[in-house]
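Reader: Before we look at anything in detail, could you show me how to read the contacts in a model of this kind?

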Protein chains: 2
Amino acid sequence: MISKEALKKIFPDWEEGLYDAILKEAELKEAKAGTTLLKMGQNIKSAMLVVEGTVKLYQEGEDGGEYFMYHLNPGEACAVTLVCNYHHEQSQVLAKAVTDIQYLAIPIEFMEKWLNEFKSWHYFVIRTYRSRYEELLKTINETAFKNMDERLEFYIKRQVKQFGNSVNLTHQEIANDLNTSREVVSRLLKKMENNGWIVMNRNSFDWIKQ
Amino acid sequence: MISKEALKKIFPDWEEGLYDAILKEAELKEAKAGTTLLKMGQNIKSAMLVVEGTVKLYQEGEDGGEYFMYHLNPGEACAVTLVCNYHHEQSQVLAKAVTDIQYLAIPIEFMEKWLNEFKSWHYFVIRTYRSRYEELLKTINETAFKNMDERLEFYIKRQVKQFGNSVNLTHQEIANDLNTSREVVSRLLKKMENNGWIVMNRNSFDWIKQ
DNA sequence: AATGATATGTGATAAATATCACCGACTATC
DNA sequence: GATAGTCGGTGATATTTATCACATATCATT
């Protein structure tokens with residue numbers, strides 16, 4: 001299990017009792033890069049708090065398509081799993097580990113209990129919802145108003161912010177995240193290269209635009 | 001001001017003290033149908049709780065376009081205005097009254113105070129965020145995966161659920177909400193009419209599909 | 001170095017949507 | 001009931017994106 005000190009660094013400003021409760025009740029789990037952590041429609045059994053690594057959150061289409069919404073980093077939690085009420089809540093998102101990750105899985109029976117017991121947990125839940133809500137607003141804005149070239153640029157910028165200027169994704173992977181086709185991504189990336197925004201390699205490219 | 005009994009009907013399951021606090025601190029405001037209640041970028045000075053009527057929430061594009069996200073009904077609150085921390089939060093949404101409305105405006109200095117004082121307020125804030133988050137997920141799903149014909153159908157169904165089978169909107173208004181053009185909406189509605197899904201009139205149409 | 005697998009490039013074409021131009025129908029108002 | 005304004009219909013065309021087909025490039029493995 002994780003040490004209390006490490007926990008405090010990643011999730012600051014909680015009450016002592018909450019750290020103790022986490023250490024007692026949560027399970028520290030690991031997952032390899034690429035693992036699907038949560039599927040749409042799946043019953044939610046535990047809340048997920050990211051300790052190490054990065055998770056990608058998707059919306060899933062009926063036809064099986066995926067649409068990238070936002071990243072989760074250490075100290076952040078998956079909003080949909082912070083279930084307050086009932087026991088048969090189903091996931092409305094798809095979550096995948098991008099890197100090898102560690103996360104805390106907290107059985108959902110503690111969600112309501114802790115809301116009553118720990119003020120800092122309450123704040124954490126609200127902060128989580130608020131920040132995820134704001135991410136969704138950005139995603140909607142991009143999707144509703146922008147063409148694919150701008151959406152791709154937005155996507156790459158988020159990627160760069162997360163992992164640095166070297167983007168290690170194939171055109172196909174990017175196309176999947178944006179729910180478009182590889183050809184479209186290839187052509188738009190080629191344009192960006194011609195504009196001097198990126199330098200392309202196989203399996204990756206570098207963002208060099210200011 | 002509104003009576004305590006009326007308040008209890010619209011916002012059930014709060015603590016007595018919270019009703020009293022609302023009655024003491026909130027202002028009951030009115031607005032005519034069509035009024036813009038909140039613009040994007042505007043400083044948030046008060047939380048908005050709907051008492052009577054319906055509010056439409058939009059995302060606003062940089063070019064001035066609008067994109068409809070969801071309705072707010074009596075007993076519901078605008079999530080973005082439930083600001084917890086700082087005083088200079090700016091709105092990331094556009095809110096418009098669809099009907100004549102009444103709403104409670106609560107100065108944001110009480111947001112944090114009440115979170116500490118009233119457990120039921122805490123729950124109300126979380127429930128608000130959760131339900132708005134879920135609405136956004138639906139909106140993203142429609143926008144990212146569906147073509148305009150399906151999006152229009154989804155839009156009409158939400159409208160029907162809100163206001164009944166008679167949809168009193170012009171093609172132009174629908175086009176604005178979906179960030180497309182009137183011609184596209186007209187053509188798709190014509191198709192729906194040919195399919196026997198709707199009966200069209202000037203300024204309105206009736207949804208007759210099962 | 002030959003082979004197969006994966007990644008990327010690109011033309012041709014189709015489909016969806018946006019835009020422009022203009023028309024006729026209805027409505028409110030005087 | 002003439003008129004101006006709003007609403008809806010529709011062809012033509014442009015743009016964006018999706019899809020298909022196939023070529024080339026790179027890499028890993030032997």
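Predicted model: local features only at pLDDT ≥ 70, side-chain atom pairs only at ≥ 80, totals over all residues.

Author: Residues are numbered from 1 along each chain as its sequence is written, chains are lettered from A and ligands numbered from 1 in the order in which they are written, and side-chain values use heavy atoms, with hydrogens and water left out.

Reader: Which residues are the closest to DNA strand C?

Author: A residue is near a strand if one of its heavy atoms lies within 4 Å of it. By that rule 19 residues surround DNA strand C, and the closest are A:R182, A:R187, A:R202, B:M148 and B:T180. They divide into three nonpolar, eight polar and eight charged, where Ala, Val, Leu, Ile, Met, Phe, Trp, Tyr, Cys and Pro count as nonpolar, Asp, Glu, Lys and Arg as charged, and the others, Gly among them, as polar.

Reader: How much area do chain B and chain A bury between them?

Author: Buried area is the accessible area (1.4 Å probe) that two parts lose on being put together, summed over both. Here the two chains bury about 3800 Å², 63% of it on carbon and sulfur atoms. In chain B, the residues that lose the most area to chain A are B:R130, B:Y133 and B:F145, together 21% of what that side buries.

Reader: How many salt bridges are counted between chain B and chain A?

Author: A salt bridge is a side-chain nitrogen of Lys or Arg within 4 Å of a carboxyl oxygen of Asp or Glu. The count between these chains is four, and one salt bridge joins the side chains of A:E89 and B:R130 at 3.2 Å, N to O.

Reader: Is A:Q59 buried or exposed?

Author: Buried means under 20% relative accessible area, exposed over 50%, and partly exposed in between (1.4 Å probe, protein chains only). A:Q59 counts as buried because its relative accessibility is 3%.
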